[in-house]
Amino acid sequence: AGDWRDVKVFIGTWNMGDAPPPPSLDAWIPRTGYDVYAIAVQECEYPPRPPHDTCESDWFGALQDHLGRNFVKLAGSSLLSIRLVVLLRRRLF
């Protein structure tokens, strides 16, 4: 029938306590082994770090930087200080 693929999904959530993320997200988000990442955070409202002008942009940028250019942001949304972003392996986009 169709071309079926095994897709591995990483789903994670974290209460950030209104603090910026650490320099490395390696302890929480593995860089390999997954095709889709769905990451949600709560209490994500901290002063944005350059070059970002919003906390949302800073956080989404930190995730993109962590996973690298092989992943694209499929969707991202915020409600007050709750944020959800979904990143997809570029070759599946």
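Guide: The following account concerns helix α1 and the parts around it.

The model is predicted, and residues are numbered from 1 along each chain as its sequence is written. Local features need pLDDT of at least 70, side-chain atom pairs count only at pLDDT 80 or more, totals for chains, interfaces and linings use all residues, and side-chain values use heavy atoms, with hydrogens and water left out.

Helices (H or I, at least four residues) and strands (E, at least two) are DSSP runs, numbered from the N terminus. Helix α1 covers residues 55-67. Its end C-alpha atoms are 19 Å apart, in agreement with the 18 Å that its 13 residues should span at 1.5 Å a residue; the expected span is 1.5 Å times one less than the number of residues. Just after the helix, G68 takes a positive phi of about 90°.

A nonpolar core is a set of buried Ala, Val, Leu, Ile, Met, Phe, Trp, Tyr and Cys residues joined through side-chain atoms within 4.5 Å. The largest one has 18 residues, and W59, L63 and L87 are among those with the most contacts inside it. Two or more residues come from each of β2 (36-42), α1 and β4 (82-89), and α1 gives the most, with six. Contact means heavy atoms within 4.5 Å; leaving aside neighbours within four places in sequence, L87 is in contact with residues including L63, Q64 and L67. A second, separate core of five residues includes V36, A38, V72 and L88.

Beyond its neighbours within four places in sequence, D58 is in contact with Y46, P48, R49 and H52. The side chains of D58 and R49 meet in a salt bridge, at 2.5 Å from N to O; the term requires a side-chain nitrogen of Lys or Arg within 4 Å of a carboxyl oxygen of Asp or Glu. R49, at 30% relative accessibility, counts as partly exposed.

Terms used
Buried < 20%, exposed > 50% of the residue type's maximum accessible area, 1.4 Å probe, protein only.
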